[in-house]
Amino acid sequence: MVEAIRGKGLDFAVLDDYVSTRTRLRFLCGKCGQEFLRTPTTILKDMACPYCKKLEEIRQRAREKYGESYEILGPYKDIRTPIAIHHRTCGTTYYKLPPDLFKTGCPTCGKKERSLHTSQTRIRKGLEKFKALLPLIEARGYTFVGEECRGLGKTNAFLCSHCGEIWMTTANHIISGRDHICTSPCKKKTQEEFLKQVEDLVGGEYSVLTEYTNAFTPVKIRHNLCGHEYMVAPAHFTSTGRRCPVCSRKK
């Protein structure tokens, strides 16, 4: 009987001597390297290592549920021994008990998805709170003029009703009373800051001829393209786009 088993060309090594067809023998699987007990009759009928067979069943279930994104590395020993699994998508190899294999997927990707979901929820709630606070912000003298809100703690563009300037500040700072708000003087630019702001806006098209005092005290500006000189409040030039009146009328 043992010779008959060996003659099948199976990838097993028979470790015991044959006694009877009903006496179980020890076999060593050459594929997974594990020993198992089977009767000669059963092994001739089934011709499979029970551990390899179970592992193949698990791999088939994985293909049915996840496609080819997961590779079950094995080996399978029993339900209390973790099996190695490789997630081809992210390259993570991890271990799970056989009963838990199909409850959840890759822990690394799952953690990333949970983190992303938490981050998106936090951003959404922040935007909702920002919109709810806009009436209070406007009551303090600020109007939101940014293209889109970037969050309570991020800098956004606000138009100050007191000086007419557009300031980049956070909604949290306005609500908490920091930076320049209606209860404290607006920040005053220096001459150098104002000249740089004009240069950033229009390049060399305009020249400032007089000293900057504050946002609403007019300064003399020359339009270098047409040569016209005129007085304009700095806030109107930088924030509301007021340019040369002569050229504006022609347009």
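A: In this predicted model, the side chain of Gln 34 reaches the backbone oxygen of Tyr 76 at a distance of 2.9 Å. Gln 34 itself is placed in the loop between β2 (25-29) and β3 (35-38). Is this residue buried or exposed? Its relative accessible area is 11%, and the limit for a buried residue is under 20%, so Gln 34 counts as buried. When neighbours within four places in sequence are left aside, Gln 34 is in contact with Phe 27, Leu 28, Cys 29, Tyr 51, Pro 75, Tyr 76 and Lys 77.

The whole structure holds 9 aromatic pairs. The ring of Phe 27 has its centre 5.6 Å from that of Phe 36, and the two planes meet at 20 degrees, so this pair is stacked. Both Phe 27 and Phe 36 are buried.

A second stacked pair consists of Phe 194 and Tyr 212, with 4.9 Å from centre to centre and 25 degrees between the planes. Phe 194 belongs to helix α6 (residues 191-202), whereas Tyr 212 lies in the loop between β10 and β11; the pair therefore ties together parts that are 18 residues apart in sequence. Phe 194 is buried, with a relative accessible area of 0%, and Tyr 212, at 7%, counts as buried too. Aromatic residues also form a cluster, made up of Phe 130, Tyr 142, Phe 144 and Phe 158. Elsewhere, Arg 243 lies over the face of Phe 237, at 4.1 Å from the ring centre.

The loop that holds Tyr 212 leads on to strand β11 (residues 219-223). One face of β11 is covered and carries Val 219, Ile 221 and His 223, while Lys 220 and Arg 222 are on the uncovered face. Strand β10 (residues 206-208) runs antiparallel to β11 and is joined to it by 3 bridges; here Ser 207 stands opposite Arg 222. β11 also pairs with strand β12 (residues 229-232), in the antiparallel sense and over 4 bridges. In that pairing Val 219 stands opposite Val 232. β11 and β12 form a hairpin with 5 residues between them, and Gly 227 in the turn has a positive phi of about 85 degrees.

Note on methods:
Residues numbered from 1 in each chain as written. Predicted model: local features only at pLDDT ≥ 70, side-chain atom pairs only at ≥ 80, totals over all residues. Heavy atoms only, no water. Buried < 20%, exposed > 50% of the residue type's maximum accessible area, 1.4 Å probe, protein only. Helix = DSSP H or I, 4+ residues; strand = E, 2+ residues; numbered from the N terminus. Pairing = 2+ DSSP bridges. Polar contact = N/O pair within 3.5 Å; in protein donor to acceptor, adjacent residues only side chain to side chain. Contact = heavy atoms within 4.5 Å. Phe/Tyr/Trp six-rings, centres within 6.5 Å; stacked < 30°, edge-to-face > 60°. Lys NZ or Arg CZ within 6 Å of the ring centre and 35° of its normal.
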